[in-house]
Amino acid sequence: MSLAQRATILTPSLTLGIDSKAKAMKAEGIDVCSFAAGEPDFDTPDHIKQACISAINAGMTKYTPSAGIPELRQAISQKFKAENNLDYPAGQIIVSNGAKHSCLNAILACVGEGDEVIIPAPYWLSYPEMVRLAGGEPVIVQTTEENGWKMTADEFQDAMSPRTKMVILNSPGNPTGAVYTEAELRAIGEVALGEDILILSDEIYEKLTYDDVKHVSIASLSKELYNLTITINGFSKAYAMTGWRLGYLGAPEPIAKAIDAIQSHSTSGCTSFAQKGALAALTGDQSAVEDMRAEFDIRRQYMADRLSKIPKISVVMPQGAFYVLANISAFGLNSTNFCDRLLSKHHVAIVPGIAFGDDRTVRLSYATSLDIIKKGLDRIEEFCKSL
Ligand SMILES: Cc1ncc(COP(=O)(O)O)c(C=O)c1O
């Protein structure tokens, strides 16, 4: 038996692997502090759940159009206009099974055999794998702490080749928490325009920015950039809806049509009643989003402050998402050794930066209670002292 080549080149998600290991240790009765998960610890707001329950009770249990129910696509179109200054008519919006699925669909629709895709590192670990799955080649641009873990326009230009097809931007970013400013996006956009490079802009952490930092959608900066950009967003992070598996994208019409065709022959439309919950999320009371953001902010400041006070650890203050990326290279251990020892000896689960293309760093998620964060940081301090 032999597998298709595309299946043999993929590596299983390391973040999900560590989370499972931490859960298995917990099941054995070990008191593990886990900072590995990439999902909010809050519950989905009640009005969203109720909308979904009402939809089931009303018998909304059949197939939906593959691109999503019309009222949800319409609400997303209005959201893009009101919040992002983006004109995506409902026909150019595709609802998928999570922003992850939207990313994969976009890459499958646009990237072909041998095409290069530029990805700034540290990156969200699924991007290079998705590019490989599509037959493309990831071209990694290493960003620096000095530059806040952001790719500059010059670095982008230098990574370009005649085979470059796409660049992936993720702001606010996982694992860095970096948020690109409008000026930085304009400079990167200029380079993309000059070479006619598509931009995949993953904006899933849009609602989670701090210190008055504003999220900017690159496609809103000019008509020309709009024509090159696929804007991806979803419900998982802003509305604590990770398990609902709902995300969406807005794209220029030919790309949206191609993505709809791919989806119609793979997963079809998303779960019918879940889409009614998503509609309630967009059109209902938004106060829970701000409440969660404010709580994340308290934890962010606490975690970044404690980590940066540990000798030999350096941290760039994250401005978005719910992660702190810490540089641990001064300990002389690679990121996997650091994380393995921390988990087995001190029972704290964090993710090695090698998973994100940077072996000098480790990622800690603060999507967990302040009590656990305090306890976990006491243990990390003790561990670092022992090194
Ligand atoms: C940068 C980034 N994009 C996309 C996703 C996937 O989100 P969803 O749950 O909507 O598929 C994640 C989840 O961790 C992420 O960190």
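This is a predicted model: local features need pLDDT of at least 70, side-chain atom pairs count only at pLDDT 80 or more; totals for chains, interfaces and linings use all residues.

**A close look at the ligand site**

Mentor: Now look at the ligand's oxygen atoms. The backbone of A99 has a polar atom 2.7 Å from a ligand oxygen, and a polar backbone atom of K100 is 2.9 Å from an oxygen of the ligand. Y205 uses its side chain instead, with a polar atom 2.8 Å from a ligand oxygen. On its own the ligand has 400 Å² of accessible area, and the protein covers 92% of that.

S335 counts as buried, at 0% relative accessibility. A polar atom of the S335 side chain lies 3.2 Å from the backbone nitrogen of I354. Beyond its neighbours within four places in sequence, S335 is in contact with several residues, including I328, P352, G353, D359 and V362.

Last, the cysteines. There are zero disulfides here. A disulfide is a covalent bond between the sulfur atoms of two cysteines. The closest cysteine sulfur to that of C33 belongs to C384, and it is too far for a bond because the gap is 14 Å, while the cut-off is 2.5 Å. C339 is in no disulfide either, with the sulfur of C384 the nearest at 11 Å. C33 is buried, at 1% relative accessible area, and C339 is buried too, at 5%.

Notes
Residues are numbered from 1 along each chain as its sequence is written. Side-chain values use heavy atoms; hydrogens and water are left out. Buried means under 20% relative accessible area, exposed over 50%, partly exposed in between (1.4 Å probe, protein chains only). A polar contact is a pair of N or O atoms within 3.5 Å; within protein, one must be able to donate a hydrogen and the other to accept it, and residues adjacent in sequence count only if both atoms are side-chain atoms. Contact means heavy atoms within 4.5 Å. Accessible areas come from the Shrake-Rupley method with a 1.4 Å probe; for residues, only the protein chains shown count as cover.
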